[in-house]
Number of protein chains: 2
Amino acid sequence: MSQAVPAAAPAASAPLRIAIAGLGTVGAGVIRLLDTNRDLIAARAGRAIEVVAVSARDRGKDRGVDIARFAWEDDMTALARRDDVDVVVELVGGSDGPALACSRAALGGGKGLVTANKAMIAHHGLELAALAESSNVPLKFEAAVAGGIPVIKGLREGTSANALTKVYGILNGTCNYILSTMERTGADFAEVLAEAQRLGFAEADPAFDIEGVDAGHKLAILAAIGFGTRIDFAGVRINGITQVRAADIAQADALGFVIRLIGEADVEETSEGARLLQRVRPCLIAKGHPLSAVDGPTNAVVAEGNFSGRLLFQGAGAGDGPTASAVAADLIDIARDEVGAPFSIPVASLAALAPAEPGHRMERTYLRFMVKDRPGVLAEITAAMRDGAVSIESLIQQGRGVDTEGAVMVAMVTHEGPEAHVRRALALLEGSDSLLGDPLVLPILAG
Amino acid sequence: MSQAVPAAAPAASAPLRIAIAGLGTVGAGVIRLLDTNRDLIAARAGRAIEVVAVSARDRGKDRGVDIARFAWEDDMTALARRDDVDVVVELVGGSDGPALACSRAALGGGKGLVTANKAMIAHHGLELAALAESSNVPLKFEAAVAGGIPVIKGLREGTSANALTKVYGILNGTCNYILSTMERTGADFAEVLAEAQRLGFAEADPAFDIEGVDAGHKLAILAAIGFGTRIDFAGVRINGITQVRAADIAQADALGFVIRLIGEADVEETSEGARLLQRVRPCLIAKGHPLSAVDGPTNAVVAEGNFSGRLLFQGAGAGDGPTASAVAADLIDIARDEVGAPFSIPVASLAALAPAEPGHRMERTYLRFMVKDRPGVLAEITAAMRDGAVSIESLIQQGRGVDTEGAVMVAMVTHEGPEAHVRRALALLEGSDSLLGDPLVLPILAG
């Protein structure tokens with residue numbers, strides 16, 4: 001399983017020579033880190049790690065680091081063809097395009113690859129890992145999941161002796177910043193999003209984050225490593241946070257919960273074989289659960305092993321410093337020759353599991369309806385719950401003022417029951433002209 | 001830096017053959033884990049991990065696992081001489097004696113060594129690591145610190161690209177169980193200790209735990225890896241939890257704090273060179289700090305890196321399952337040939353730092369006096385504070401009833417000031433017949 005550094009690499013005391021593709025904030029951060037911590041990195045890696053060449057869109061841009069000392073390539077794929085490069089560091093982003101071309105060229109050409117590109121790994125990670133394995137070169141992507149938190153290493157190596165029962169966590173800093181700020185300030189989603197964009201905690205185009213796609217990419221990667229399964233991003237059920245209102249957060253708070261976007265994965269045995277459940281959704285989390293205290297752009301991942309018990313890894317989920325820390329840790333592993341199968345076991349041995357159908361799973365659920373303020377609405381909703389066999393634990397109807405359009409909010413928490421019952425009950429309400437918009441359905445995180 | 005598996009080891013697809021010295025709950029747990037997770041371990045390690053021989057005090061004892069299938073040695077050092085063993089797993093415990101003899105024999109004889117023995121590593125880790133390096137065999141001890149949490153790996157590899165500014169955490173599950181139970185129940189130390197012993201959360205002889213020695217062992221190991229310094233257990237300043245009263249916990253709670261035993265280490269530059277500060281002491285921790293929510297026998301370690309920012313690793317700090325998980329993760333690393341210098345950099349390169357003198361460090365401090373209930377006591381204490389240049393932020397004198405001997409409690413929190421000032425003020429009170437016993441001095445954890 002152990003993989004050597006590239007065949008062309010010189011003896012162990014010679015520097016590890018890297019090329020960096022992409023010089024945005026993370027690329028500049030990697031250069032700054034390698035400069036700042038040069039001596040300790042050389043001591044820990046057993047040899048120097050030296051940038052020899054870089055590539056980006058704009059050569060002249062001021063990045064706060066001196067790049068004139070490095071060779072320059074206009075075409076980043078050319079980095080992968082240089083004889084003086086052992087490892088290409090891909091920090092361009094995007095699941096396809098130049099990032100993928102450069103990565104394929106590097107691995108296919110016998111160079112190692114370190115990347116922070118979650119979208120590319122989620123979509124093409126198996127192809128790239130197979131290429132790395134056949135070329136006998138390292139492929140590492142610690143920075144692709146949860147920024148500076150060594151959670152890929154945590155799952156690949158830290159919990160390697162365990163059958164994991166579950167992996168879950170807070171995987172998107174933008175969503176966590178928005179939800180915890182809504183909680184703290186009482187402001188509504190759109191307002192907090194705008195503020196987050198102004199402060200740099202959200203992209204100008206925030207769709208990938210707030211719709212849960214980014215968390216889905218990361219979850220698919222964690223699930224593959226944690227459960228030894230082929231990456232299946234298409235199999236991730238994704239709900240974002242755009243439907244969460246300030247009133248939901250207030251209601252959750254009154255009930256003893258916070259709302260966080262959670263990615264969770266597990267494997268279940270069925271009569272038709274093992275099935276992989278992967279989903280990203282806002283959840284209610286009981287105050288006191290370790291994830292309930294995770295505020296701002298912080299990420300946190302919980303892995304539950306059959307011997308280790310519950311392990312929590314927490315830290316900065318993004319930012320140039322933490323991301324550079326993860327990229328450089330991968331480089332040190334490579335310099336130390338401590339690399340192996342990118343997904344813990346060889347790609348050919350990863351199991352191809354069909355997605356699990358979670359309808360039979362037992363959950364407590366928070367349901368929120370915006371309804372017209374007229375007689376009979378509550379009876380209509382509660383009848384649907386009864387007919388769907390959903391047992392209501394508590395229900396609150398708030399008066400006017402929740403919405404400017406004269407709507408009122410009906411929120412309830414169900415007793416534990418099969419998820420399918422909730423869906424069945426909601427199907428009974430579909431098309432009802434009492435309801436304004438789709439109801440919000442948030443599970444209550446167990447344990 | 002990379003180290004090969006033992007020279008005698010067969011090709012990569014052959015099993016990694018291990019011998020286990022010590023078959024207490026952890027030893028039996030390792031056997032149970034290797035049995036239960038056999039297939040996934042073989043897949044992840046790239047080859048089977050097989051127990052070939054064991055040794056313990058009593059061959060006939062029922063351990064819940066079948067050991068008849070393994071070769072038996074009465075003398076555990078004989079395990080290290082067997083030709084059919086690649087790695088010895090030392091789970092005997094004790095800093096010296098048979099554990100050390102067996103470990104020296106293994107490493108000196110060209111076998112790898114995996115150990116959960118914090119006391120032995122704290123006292124003899126450098127000698128053993130030097131032996132491992134000269135024999136070119138692995139020495140790994142993930143299980144020695146924080147049970148199942150991969151924090152040795154986290155510091156050695158996860159934060160390897162960072163200069164750490166600080167490492168600190170909750171390193172002793174017994175103390176954390178006692179303090180958080182005192183907090184929850186209001187019971188006093190002795191009562192909770194007795195209960196912890198009954199439940200198996202504390203040893204029959206709890207001195208090593210409650211006096212902070214065990215946490216000191218672990219801290220010394222973390223500091224060496226985190227800061228690249230020679231292990232200096234003798235340099236750890238240690239205060240245990242035996243002086244903490246229920247009334248202190250209640251007082252801390254009223255002020256917005258919990259009390260936890262914290263080990264912390266950092267390096268400071270002085271005009272006379274770098275100095276290593278290591279200490280273990282009960283601290284007040286603001287509610288809301290990630291460590292304040294760590295209850296029961298859980299451990300948690302925070303590492304602050306100059307690029308990664310603050311990282312938190314949390315999980316079960318002890319128990320046969322978590323400890324076995326860490327031992328087996330080390331074995332998988334060895335089977336994968338992903339091992340290197342035990343302390344991240346070679347022993348010869350570790351810096352020998354003198355202990356730091358923390359008197360100039362700025363801290364807020366909680367001070368508690370048990371005093372005679374008579375006029376003038378408060379004036380005496382506050383005068384000493386004034387003369388020591390300690391500025392009092394808040395002070396509470398509790399009436400009678402705190403103590404059966406007619407004592408009253410005076411508790412105060414100081415403004416931030418040099419630690420030496422507090423010591424100076426307390427020196428002024430030494431020998432005062434107003435005071436009943438030594439005052440309790442607890443720092444308030446910053447940030």
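View 1. A:Ala389 sits in the loop between helix H12 (377–387) and strand S15 (392–398) of chain A. Helices (H or I, at least four residues) and strands (E, at least two) are DSSP runs, numbered from the N terminus. The phi of A:Ala389 is near 65°, a positive value in a residue other than glycine. Most residues other than glycine have a negative phi.

Some housekeeping for every view: residues are numbered from 1 along each chain as its sequence is written, while chains are lettered from A and ligands numbered from 1 in the order in which they are written. Since this is a predicted model, local features need pLDDT of at least 70 and side-chain atom pairs count only at pLDDT 80 or more, but totals for chains, interfaces and linings use all residues.

**View 2. B:Ser344 has a positive phi too, and here the residue is buried.** Its phi is about 80°, although B:Ser344 is not a glycine. You'll find B:Ser344 in the loop between H11 and strand S13 (354–355) of chain B. There are 26 other C-beta atoms within 10 Å, so B:Ser344 is buried.

**View 3. Strand S1 of chain A is covered on both faces.** Six of the six residues of S1(A) (residues 16–21) are buried, so the strand is largely enclosed by the rest of the structure. On one side are A:Leu16, A:Ile18 and A:Ile20, and on the other A:Arg17, A:Ala19 and A:Ala21. In a regular strand the side chains alternate between the two faces of the sheet. S1(A) runs parallel to strand S2 (residues 49–55) of chain A, joined by six bridges, and A:Leu16 has A:Ile49 as its bridge partner there. S1(A) also pairs with strand S4 (residues 87–90) of chain A, again in the parallel sense, over four bridges; A:Ile20 partners A:Val89. (Two strands pair if DSSP finds at least two bridges between them.)

**View 4. Zoom in on the open sheet of chain A.** Six strands line up in the order S3-S2-S1-S4-S5-S6, with parallel pairing. Strand S3 (71–72) and strand S6 (139–140) of chain A stand at the edges with a single partner strand each, so one side of each has no neighbour in the sheet. Two bridges join strand S5 (residues 112–115) of chain A to S6(A), and A:Leu113 stands opposite A:Leu139. Helix H1 (residues 25–36) of chain A packs on the sheet, touching S1, S2 and S4 of chain A, and its direction makes about 155° with that of S2(A). Helix H3 (residues 97–108) of chain A packs on the sheet as well, touching S1, S4, S5 and S6 of chain A, at about 165° to S4(A). For these angles, axes are lines fitted to C-alpha atoms, for helices over the stretch in contact, and angles run from 0 to 180 degrees between N-to-C directions.

**View 5. Helix H5 of chain A is wrapped up by parts of both chains.** Eight of the eight residues of H5(A) (residues 151–158) are buried, so the helix is largely enclosed by the rest of the structure. Among them are A:Val151, A:Ile152 and A:Leu155. From chain A, they pack against helix H9 (213–227), strand S11 (298–305) and strand S12 (309–316). From chain B, helix H5 (151–158) and helix H11 (320–335) join in. A contact means that two C-beta atoms, placed from the backbone, lie within 7 Å.

View 6. The contact between the chains takes 50 residues from chain A and 49 residues from chain B. On the side of chain A that touches chain B, 23 residues are nonpolar, 19 polar and eight charged. (Ala, Val, Leu, Ile, Met, Phe, Trp, Tyr, Cys and Pro count as nonpolar, Asp, Glu, Lys and Arg as charged, and the others, Gly among them, as polar.) Of the interface residues of chain A, 98% are also interface residues in chain B, so the copies meet through the same surface.

Terms used: Buried ≥ 20, exposed ≤ 12 C-beta atoms within 10 Å, placed from the backbone.
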